[in-house]
Amino acid sequence: MGDKAGINRSLNTIRTELEYLRDSGVLNPAQFNSIFAQLPQPGGVPSQYVDPHYGGPQMMNPGAIAQQAQDPTSPANPAHPNVRVAPQTSNTLTIIISKT
């Protein structure tokens with residue numbers, strides 16, 4: 001690992017640039033918070049947070065999905081009234097969930 005002073009300078013630069021992008025409206029607050037939370041702490045101590053959309057441990061919980069699919073009020077349930085199967089145009093199946 002590099003020297004701590006160099007690591008801290010780089011992290012400070014990244015944080016400053018992210019704040020500028022947020023303040024300029026290029027990053028919305030949720031994007032800023034997600035990126036910021038994944039940065040190492042000063043001194044290069046790795047962050048324990050990984051955005052679930054990009055491989056975090058919470059990305060997919062098969063047990064929770066299976067449980068939701070059994071709940072008739074959940075959109076994960078195939079019989080839910082807001083779930084409809086789109087017309088099949090090839091060998092793929094598309095499910096559309098509408099919010100009402």
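Here is a short tour of helix α1 and its partner α2, one selection at a time.

Before you click, note that this is a predicted model, in which local features need pLDDT of at least 70, side-chain atom pairs count only at pLDDT 80 or more, and totals for chains, interfaces and linings use all residues. Residues are numbered from 1 along each chain as its sequence is written, and side-chain values use heavy atoms, leaving out hydrogens and water.

Select residues 4–23, which form helix α1 (helices are DSSP runs of H or I, at least four residues, numbered from the N terminus).

**Stop two: its two sides.** Now colour G6, I7, L11, R15 and L18, the buried residues of α1 (buried means under 20% relative accessible area and exposed over 50%, with a 1.4 Å probe and protein chains only). Looking down the axis, you will find them within an arc of 165°, so they line one face of the helix (the arc is taken from the directions from the helix axis to the C-beta atoms). On the face turned away, pick out the exposed R9, Y20 and D23.

**Stop three: α2.** Show R15, L18, E19 and R22 of α1 with F32, I35 and F36 of α2, which make the contact (heavy atoms within 4.5 Å).

**Last stop: G25.** This residue follows α1 and has a positive phi, near 85°.

How values were computed:
Axes are lines fitted to C-alpha atoms, for helices over the stretch in contact, and angles run from 0 to 180 degrees between N-to-C directions. Helices (H or I, at least four residues) and strands (E, at least two) are DSSP runs, numbered from the N terminus.
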